[in-house]
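I opened this notebook to record, step by step, what I looked up in one protein model. The entries are written for someone who is new to reading structures.

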Amino acid sequence: MLNTWRLQLLLQFETLGTMHRVGEVMYISTATVSQQLSILEKETDTILFEKVGRRVQLTHAGRNLAKQVRPVLNQLEQIEIALNDTSDIIQGTVRIASFSSALRSILIPVVSQLVKQFPQLQLRLTELEPDKSIPALDSHQFDLAVVAYFEKPQMLKQYDHSLVELGSDRLMVLVGEENPLVQQSAVRITELSEETWVMEPDGTYLSEYTQNLCSNAGFQPHVLNVFQSYSAIQTAVANNLAIGILPKLAVTEQEEGVQLLDLQPESTRHIYLVARKPQASNRSIQVVMEAIKAQASLVFADGYQNNKRKKIDNEPQRSLSFNINKNYSLIDIR
């Protein structure tokens, strides 16, 4: 009988790509990971790993084994969840990863309400870029992830995910009141070639997407300012130091002196709530997912369109409402 813990290490390696990262996630040394995976090779009498340059990667047989055992381990996890999920009390810890603008407008209001409604439920939030959230979800570092992509990402199809599309927004051009573009309601990307820009750091998904938009339009943006904070980006624009591009959800609290222009051609960002399929059967996670869906419906119905963040605690007449296992829609990504 194959050792399930070693098989879990195999799946972690497939997801994370290095034995060092597997060790970090599993709280064991890299040497222990390497030793246990070597034992797995002996148990299966199969070469599962090969060296390519300085890196170690799965062989074709290793990838096939991972593909075969993943649904089995998911079923075992689902059985374990069902056995442990017998209390009538909503309790336990739910760990959620989210990108910045959804964290502020959706996740924090949800957590604020749920911790009052369910005192024995602990919710942990972590700000994380979408491209890092899904591998972290699949390696069991998180139970839920809120991610956003301008195109439907292949990584959501890679493993067995439960997926809910929460809504969508589009990219907006931010200009200061002294910028001549302020007279327009919409601006084409080609009209921004001579502007001074403020952007997020290289490597973030929004910065890379914006750089690609400019490159496809035939120019490289003159980036003079680099900020991680969306509020700092807006302040720079308000003081006429630069122009910027942000998703509309990111400017739900529009700073005075900043004008939003529609970007042409339109770039739409789709926002998803993702869970590993076994976790989606857990009642505490279901409660959190339904609350996130309810808050997102408020935000995308009229919240960001009016540039005002919804503060549920200050609007009791519009409090979150949801029912477990009622109107609960999941799209299985295979």
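**Entry 1: ground rules and overview**

I note that this is a predicted model, in which local features need pLDDT of at least 70 and side-chain atom pairs count only at pLDDT 80 or more, while totals for chains, interfaces and linings use all residues. Residues are numbered from 1 along each chain as its sequence is written, and side-chain values use heavy atoms, with hydrogens and water left out.

I looked up the secondary structure and found ten helices and 13 strands in the protein. Helices (H or I, at least four residues) and strands (E, at least two) are DSSP runs, numbered from the N terminus. Of the 334 residues, 48% count as buried, where buried means under 20% relative accessible area, exposed over 50% and partly exposed in between, with a 1.4 Å probe and protein chains only. I then turned to contacts, meaning heavy atoms within 4.5 Å. Among contacts between residues at least 6 apart in sequence, 75% join residues at least 24 apart.

**Entry 2**

Two packed helices are described by the angle between their axes and the distance between the axes. Axes here are lines fitted to C-alpha atoms, for helices over the stretch in contact, and angles run from 0 to 180 degrees between N-to-C directions.

The axes of H1 and helix H2 (residues 19-26) come within 9 Å and cross at roughly 120 degrees. That makes H1 oblique to H2, since angles under 35 degrees count as roughly parallel, over 145 as roughly antiparallel, 65 to 115 as roughly perpendicular and the rest as oblique. H1 passes H2 in a right-handed crossing; a crossing is right-handed if the near helix is turned clockwise from the far one by less than a right angle, and left-handed if anticlockwise. On the H1 side I listed Trp-5, Leu-9, Gln-12, Phe-13 and Leu-16, which meet Met-19, Arg-21, Val-22, Val-25 and Met-26 in H2.

I then looked at helix H3 (residues 30-44), whose axis comes within 9 Å of the axis of H1 and crosses it at roughly 110 degrees. H1 and H3 are therefore roughly perpendicular to each other, and their crossing is left-handed. The contact is made by Trp-5, Arg-6, Leu-7, Leu-9 and Leu-10 of H1, together with Thr-32, Gln-36, Leu-37, Ile-39, Leu-40 and Glu-43 of H3.

**Entry 2: aromatic pairs**

Rings of Phe, Tyr and Trp (its six-membered ring) pair if their centres lie within 6.5 Å; planes under 30 degrees apart count as stacked, over 60 as edge-to-face and the rest as tilted. By this rule I count three aromatic pairs.

How are the rings of Phe-13 and Phe-49 placed, stacked or edge-to-face? Their centres are 5.1 Å apart and their planes are at 85 degrees, so the pair is edge-to-face. This pair links distant parts of the chain, with Phe-13 in helix H1 (residues 4-16) and Phe-49 in strand E1 (residues 49-52), 36 residues apart. Phe-13 is buried at a relative accessible area of 4%, and Phe-49 counts as buried at 12%.

The rings of Phe-150 and Tyr-209 have their centres 3.8 Å apart and their planes at 10 degrees, so I wrote this pair down as stacked. Phe-150 is in the loop between strand E5 (144-149) and helix H7 (155-158), and Tyr-209 is in helix H8 (residues 205-216), 59 residues apart. Phe-150 counts as buried at 12% relative accessibility, whereas Tyr-209 is partly exposed at 23%. Together with Tyr-205, these two residues form one aromatic cluster.

Thr-59 is in the loop between strand E2 (55-58) and helix H4 (60-84), and is buried with a relative accessible area of 9%. Its C-alpha atom is separated by 5.2 Å from that of Phe-49, ten residues apart along the chain.

Ser-98 is in strand E3 (residues 92-98) and counts as buried at 0% relative accessibility. Its side chain reaches the backbone nitrogen of Leu-103 at 3.4 Å.

Gln-234 lies in helix H9 (residues 230-238), and at 4% relative accessibility I noted Gln-234 as buried.

Methods: Polar contact = N/O pair within 3.5 Å; in protein donor to acceptor, adjacent residues only side chain to side chain.
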